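Have the model open while you go through them.

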Amino acid sequence: MTQQGVRWTADQVLALAPDAASRKAGSKLGAAGPWSEAGSADEGTVWGLCKGSGSKPYQTVIDIADASGPAYKCSCPSRKFPCKHALGLLLLWAGGDGAVPPGQPPDWAEEWIKGRRQRAEDKRSADASGSSTGSADPEAARRRAERRAVRVTAGATELEQRLTDLLRGGLAGAEQSGYGLWEETAARMVDAQAPGLAARVRELGAIPASGPGWPVRLLEECALLHLLDQGWLRRERLPAGLADTVRSRIGLPASADGPPVRDRWLVLAQYDTADVKLTTRRIWLHGADSGRTALLLSYGAAGRAPELTLPVGLALDAELTAYPGAGQLRAALGEQFAAPAPAAIRPPGLTTAEATARYGVALRDDPWLDSVPVTLDRVIPTPDGTSWQLADADADTALPLTPAARARPGLWRLVALSGGAPVKVFGECGHRGFTPLTAWPQGAGDAVQLY
Amino acid sequence: MNSPSVPVDSPAASAWEELVTAALLGTDRRTPPGCAPGREAPVALLDAAAAETVRRRAGLRPAPAAQRPQPAPEDPRPALPPAAARRLAMLLADRPGAAGGGRRGTSPDLVELLPEWLARANDRGLAPPPEVLPALLDAARGRTDLRPAALTFAGPRAVWLARLNPDWRFALRATPGGGAALPRLDDSAKVRQLWQEGLFAERVALLSAIRAREPGAARELLTTTWATERAEDRLMFLDSLRTGLGPEDEPFLEQALADRSRNVRATAAELLSALPGSALAARMAVRAGACVALDHTGDGPAIGVEAPHECDASMERDGVVAKAPAGRGERSWWFGQLVEAAPLSTWPGRLGGRTPREIVALPVTDDWRGELHAAWCRAAVRQRDAEWARALLGSPSAPEAGGPGAVSLAERAKLLGTLGPAERAEWVAGFIATHGLSEAFQLLGVCAAPWAAPLGRAVVDALNIARDAGSYPWSFSGVMGLAERCLDPAEASRLDGLLAVPDEPEDASPGAGGYWAEAFQRLVTTLRLRGAMIKELEPPGPAGF
């Protein structure tokens, strides 16, 4: 593969930035001005000296080609990761106008790259030799799991009691009882070590304030929570796949143990959601050969970007391992055989009718599913009163956009991209509507991110 | 409704309604359908609701499609090269006030580069990638100065988009033909219809478009409805005649001199006086000539001024404003207006066959010099007379050119506007070399960007001198900002010697050297960025490297 072949686009480089400020600062350093002695090596390492405000320039080096993901080192004092210098240097490299010529790395860069590669090699051989050293005592682990199951059962039973009390008195009273009651119940579920239940209970508390139609939504969510409680309490009688789904919805830890699937995985979308404590990054992948869709989750403590970054439009040759649960899309990233590289693959698409049908089918395996990932083919963003829908170009059917999607600036990028013509759109399709995440124009053109 | 549509009149729907009602009221008050009252009723309700919820979700169907939008018109322009498209997205992402801001630090102010970027992209006739249009429209919405270039670049799809989003309405108003498409200008029936029935903005757009192509046709169109237009509209329409003003417009303008509105009269008079061959200009030449004569009573020839003693009705009819503003003498006020409106060609004949330069050099009796020269300046600007402008500007290195003389900096900037770009740059370079930068800001503003090489060098040299003088760079932040946008990026390498922090002289302001180094780094970084930006917009070179 030539150097040009693995070069990233500027958008893909900017997707590595931990926050908007870094993206901006990095952009400004992406011009030849402050850089000297910049260079790159075929295997995908990039280095350079960046003039800062001090007398000594910063030494920046990046290893983009390592299969376990890009790595950065910079002598600047920034605690951002990657720092603006690393981003700027990568942009310069991505620009490809000769500012980062091929060459031999200087000693200071070479040393770091060698050390890094060596450590990775050591780790791989260590993993290969003795992998069972982790869980020392399977008997103790089993006892821990049993103790936890007892607590979850107690929590689920208590929650059932709360739900029946609520239904006995009527949902109409829920508007007055306020958020405090649900907060307290959620705290009880945390004590019961059932974080999945706790999260659902907390969301119940927000529904009475969520506008017209809230009683219907509250009843739906109460019913599904009841269904989950009952699923847990009778998990012994459920089919194995559904029981795994219930465990995962309750929030019990599981490890990806499915058979590894190697494919060329195209990155369809990557987006973060943040709450007070945690940033969750969701990365949707499409297997070019298997046709499978998979979800990678990675987490960062509040205010910090999750570590795994896969820019949209890249494809990676890697193994994924599925988590347990019927219809489970979540997977863990296993071995990567080559660094992510730009790819012109587009996923095949469905009609709107096929998309809703796919959601319906997915509910059989997981009735708690809010949406499924779907690529729609030949849809036209269409105004519908105060809202928007994606209308099939070839049939008189359409999927309304979710309220959240309508409020995002990405909506207008989608409308502009389409210009009234059919486009291909990847997104999440469920009972609230469709949330577009990525779109491809008619004809040639790169994927456009919509969030 | 947010969710995809649900069949409303199915039996399942009514079962669901009953469940919702029971849930709202509570099972103590309402027993849900199909179960016994009592302790178990809430559980039965939840069981039934769970089944219904999953059934409802699993049975979702797509909604009927609404009326699809008309497809956007084709944009025939070639697409931006990928690197230029990425650069644009970056420039647009850099919103003012997003982080830090201000003129400190070493990194460039990207938003300031947008005007140049847009101008160059428009010169090349390139089309934007559609997905940047929302950001482009948002930028144009926030900055009216960017609008014309941004909307030209944004092209027809942006107008299509603006019809769908009220935030971008301005694009419909600002783009000619954005609201209701302008008819083809050779379709006279359509033109006449729009002129008679269109909104004011559409009519102004139509008139300007026709005037730009066929001045006479625009004037004739205007004549058809002139008598019935409102005064403020007449003023705006008359203003459009500035484009392509010529002797053929004289009869119409003469007629407008009798207008009911004073502002219309004044504008008509101003336009006529910009036509040196017009009857009004001739009348003004007679009036002004009567006030100015050679005076041989002193040691050498001088100009004597006898200001008018009254402002008669015919003068008023020719646009002379009779009432002087507070603080001005009436006679000098009238005199200034007469000289300003008289053709400059009057003067050599009147003043002994002298050239403009010789005339300007003549002494003027009784302190009338300032008044007379100022009026000549206004006349030179109005009549776009480069020879007179040159004479009035004088030599840039003359000592009085730097201080507040007869001709103010603002007037000098306007006079410079009548000269060609090269001559303008040369004059300002000479000015800066003699007088430094503190007075130069206004003059630099009228120079074409990128600055010609001698001007760029003069500015950099002057900045270098200012640094060595030991003051802080922010006294020159205005010029620095201009330099970032206007210096030719090819000059960036000439600045390399200025990037280091210099040794501080004893009398320098503390830390100034460091701040200067920072300011120059920022200048160089910006120039390099502009250089890269411009290269990305250039047509691809011949095959090979």
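**Notes on the predicted model**

1. Starting with chain B: of its 545 residues, 46% count as buried. Bear in mind throughout that this is a predicted model. Chain B has 28 helices and three strands. Among its contacts between residues at least 6 apart in sequence, 68% join residues at least 24 apart.

2. On domains, chain B is split into five pieces: domain 1 (6-61), domain 2 (82-87 + 109-174), domain 3 (188-275), domain 4 (278-419) and domain 5 (420-539). Note that domain 2 is written as two segments, 82-87 and 109-174. Taken over C-alpha atoms, the centres of domain 1 of chain B and domain 2 of chain B are 53 Å apart.

3. Now the interface. On the chain B side 62 residues make contact, and they meet 72 residues of chain A. The size of an interface is often given as the accessible area lost when the parts come together. Here chain B and chain A bury about 5,400 Å² between them, with 64% of that on carbon and sulfur atoms. In chain B, the residues that lose the most area to chain A are B:Leu46, B:Arg57 and B:Arg68, which together make up 14% of what that side buries.

4. What about the polar side of this interface? Between chain B and chain A there are five salt bridges, and 21 residue pairs are in polar contact, both residues being at pLDDT 80 or more. One salt bridge to look up joins A:Glu221 and B:Arg57, whose closest N and O atoms are 3.2 Å apart.

5. Which elements of chain B give two or more residues to the side that touches chain A? They are helix H1 (11-25), helix H2 (41-58), strand S1 (63-64), helix H3 (82-93), helix H5 (133-142), helix H7 (156-162) and helix H28 (512-537). The largest share, twelve residues, comes from H2(B).

6. The largest nonpolar core has 108 residues, and those with the most contacts inside it come from both chains: A:Leu197, A:Leu219, A:Ile250, A:Phe434, B:Leu80, B:Trp117 and B:Leu161. Helix H9 (residues 214-233) of chain A gives this core its largest share, nine residues. A second, separate core has 104 residues, including B:Ala268, B:Trp347, B:Val524 and B:Leu527.

7. Is B:Ala532 buried or exposed? B:Ala532 sits in helix H28 of chain B, and it counts as buried because its relative accessible area, 18%, is under the 20% cut-off. B:Ala532 and B:Ala83 are 449 residues apart in sequence, yet 9.7 Å apart in space, C-alpha to C-alpha.

8. Lastly, two backbone angles to check by eye. A:Arg378 has a phi near 50 degrees, a positive value in a residue other than glycine. A:Arg378 lies in strand S11 (residues 371-384) of chain A and is partly exposed, at 35% relative accessible area. B:Asp366 likewise has a positive phi, near 55 degrees. B:Asp366 falls in the loop between helix H19 (356-361) and helix H20 (369-382) of chain B, and is exposed, with a relative accessible area of 62%.

Terms used. Residues numbered from 1 in each chain as written. Chains lettered and ligands numbered in written order. Predicted model: local features only at pLDDT ≥ 70, side-chain atom pairs only at ≥ 80, totals over all residues. Heavy atoms only, no water. Helix = DSSP H or I, 4+ residues; strand = E, 2+ residues; numbered from the N terminus. Buried < 20%, exposed > 50% of the residue type's maximum accessible area, 1.4 Å probe, protein only. Domains from an automatic or database assignment. Core = buried A, V, L, I, M, F, W, Y, C linked by side-chain atoms within 4.5 Å. Contact = heavy atoms within 4.5 Å. Buried area = accessible area lost by both parts, 1.4 Å probe. Salt bridge = Lys/Arg side-chain N within 4 Å of Asp/Glu carboxyl O. Polar contact = N/O pair within 3.5 Å; in protein donor to acceptor, adjacent residues only side chain to side chain.
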